[in-house]
Amino acid sequence: MQESLHDSISSDIGFEYVFKKYYARLCYFAYRLVGDRDAAEDIVQEIFMKFWDRREGFGNEPSVKTFLYLTVRNASLNFLRHAAVEQRYLDDALPLDSEPGMGLDQLIHAEVLAEIHRSICELPAACRQVVELAYFEGLKNNKIAERLGISVNTVKTQKQRALGHLRIRLDLSAYLAIWMMLNR
Amino acid sequence: MDTIDTYSYQARLIIRHLNGDLTEKERTELEAWMASDDRHRRVFEELTRGEWLKEGLQFLESIPVEDAWQKVAARTVQRVPELPERKRRIGWWAVAAAIAASLFFSIQYFREDPVPVLKTAERISPGADKATLTLADGSVMELEALSADDIIIQGGVRVINLSGKLMYTGVAKNGEIAYNTIRTPPGGQYQLQLSDGTSVWLNASSSLRFPTTFNGDARTVELTGEGYFEVRHDPSKTFTVKLAFGPQLTVQGTSFNINAYPDEPFVRATLLDGKISVGQNGVVKVLVPGQQARWSDREGLIVADDADTDQAIAWKNGQFVFKSMDIRSIMRQISRWYDVEVAYSGAIGSDLFSGIVSRQSSLEQVLKILEEGGVRFRIEGRRITVFEK
């Protein structure tokens, strides 16, 4: 039985769990804001140091999530302000403004992405293969069928099955908590 | 202006669009939302662009989480713990420097990042999907902390917790029967699907004790507070709801609402569909849809024909529906959903109120509407005092 996160946040196990679950998506979130992948990782690692110092103060996972996204957002904005005059704006990086709701779009992306990613990893093997070929390699159905030695119909069925799994795994309560924080 | 409701609802629509699930009505709503603000359209277009998903997933896959963990672990969990104070001799200058450093740090921190505040006294928000689950071995889990995670219970019964709904599937091995109890606090609500497919919605300050799997000829659960049931039809197994006090209800494949709060004057069972029998002390009444059984210690069991089913199940549909209701009955519902105390000052008339309000409204909004009916409120922290103008 899974240990209750409530008891574990202040223990080493809880900290490791939170890190491994949220690190990649927070890096994606920071990357969408600052446009620099290494800087994004540095920012997120520093935020986890802050979280480590504060880990006793959280009662549940949603409040941890809110804290992480909020501080990564603020740190990303600070990074942009202090960066050298010559800033490279990639297609994904946002122009600066101090709208309170800023970062919300990126957050929605990061959360939806992370949940989809998690769900894909948990799909049954045959299903996951089809999804990976379709998404990661961008193959069309007939090419997938060729590669795996199955029929095109089976490919379509596996895709439907994957969508069924994904539909029930996406968690919307995350959006509510973070929206509230960002709009206070 | 976006509210929490609309944004979350739109997010849901976008996901349904991605799954190819939108109804015509929903499609129109989604398009209207997108047309109302450029930012909305941008969010939608990004989310539905296949490229975004592919690039995003590739990005996630390429992040070296394990390496990053090693780096962070070295600076955190693997650090040698500090020696306890009494074993060190610290000069006064070191103490002063330490205090100055921590003050500096906390000032920096407060300036840049708002301290997360779990409870704010100024703003009383409506209830939410919150509950605890007590397993057969006595351990208690907070359901909101386990979003979208599986809980495997001993004995082969699998429980899934997703966004406010707890679902039981599977069959217990060796015919073991384990009982679980789900409890909602004031300001909480939750939905539950039992192993036979029966759905139960629990209102605030309520509980349901139930077996993880149904063996034998009967399905029996115990309810306190308020629950709305959609019972899966199974002619071979009657479904019984036991209450802590008052009548017992036996049902077959039906939809009904039971309101059994200890501070309400009556226990009320309202039947929407199907058939239920309500029994107390050997007296049994059978209800047809649209009827309501009321029970009180004083008057025993009465069946009323004119039940207002909308009012009875409004809570499950996310609304308060008041039809000629007195203020005290209304305030009892308010106190359970907003987790506030209610007191009365002076004489309050017996005026009746009618109205429909969303349960997602803030407390201030609901009280404002009630003030139009001639009462006034004073709010101090989580205590509301009601008085007449």
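## Exercises: helices, cores and a hairpin

The crossing of H3(A) and H5(B) is right-handed. The model behind these exercises is predicted.

**Exercise 1.** Describe how H3 of chain A and H5 of chain B cross, and say which residues meet.

*Solution.* 
Step 1. Two packed helices are described by the angle and the distance between their axes.
Step 2. List the residues. H3(A) brings Glu41(A), Gln45(A), Glu46(A) and Met49(A). H5(B) brings Ala68(B), Lys71(B), Val72(B) and Arg75(B).
Step 3. Sort the residues of this contact by type. Three are nonpolar, one is polar and four are charged.

**Exercise 2.** Find the largest nonpolar core and say which elements supply it.

*Solution.* 
Step 1. In soluble globular proteins, nonpolar side chains tend to be buried together.
Step 2. State the size. The largest nonpolar core has 51 residues.
Step 3. Pick out the residues with the most contacts inside this core. They are Tyr23(A), Leu26(A), Val44(A), Phe48(A), Phe51(A), Leu68(A) and Val72(A).
Step 4. Name the suppliers. From chain A, H2 (12-34), H3, H4 (61-82), H5 (104-121) and H6 (125-135) each give at least two residues.
Step 5. Find the largest share. H2(A) supplies it, with 14 residues.
Step 6. Look for another core. A second, separate one has 38 residues, including Ile258(B) and Leu287(B).

**Exercise 3.** Which residues does Val44(A) contact, leaving aside its neighbours within four places in sequence?

*Solution.* 
Step 1. Apply the cut-off: contact means heavy atoms within 4.5 Å.
Step 2. Read off the partners of Val44(A). They are Tyr23(A), Leu26(A), Cys27(A), Ala30(A) and Val72(A).

**Exercise 4.** Describe the hairpin of S5(B) and S6(B).

*Solution.* 
Step 1. Place the strands. S5(B) spans residues 158-162, and S6(B) spans residues 165-169.
Step 2. Check the pairing. The strands run antiparallel and are joined by five bridges. Asn161(B) has Leu166(B) as its bridge partner.
Step 3. Look at the turn. Two residues lie between the strands, and Ser163(B) takes a positive phi near 40°.
Step 4. Check the cover. Four of the five residues in S5(B) are buried.

**Exercise 5.** How many helices and strands does chain B have, and what share of its residues is buried?

*Solution.* 
Step 1. Count the elements. Chain B has nine helices and 22 strands.
Step 2. Give the share. Of the 389 residues in chain B, 43% are buried.

Conventions. Residues numbered from 1 in each chain as written. Chains lettered and ligands numbered in written order. Predicted model: local features only at pLDDT ≥ 70, side-chain atom pairs only at ≥ 80, totals over all residues. Heavy atoms only, no water. Axes fitted to C-alpha atoms, helices over the stretch in contact; angles between N-to-C directions. Left-handed = near helix turned anticlockwise from the far one by under 90°. Nonpolar A, V, L, I, M, F, W, Y, C, P; charged D, E, K, R; others polar. Core = buried A, V, L, I, M, F, W, Y, C linked by side-chain atoms within 4.5 Å. Buried < 20%, exposed > 50% of the residue type's maximum accessible area, 1.4 Å probe, protein only. Pairing = 2+ DSSP bridges.
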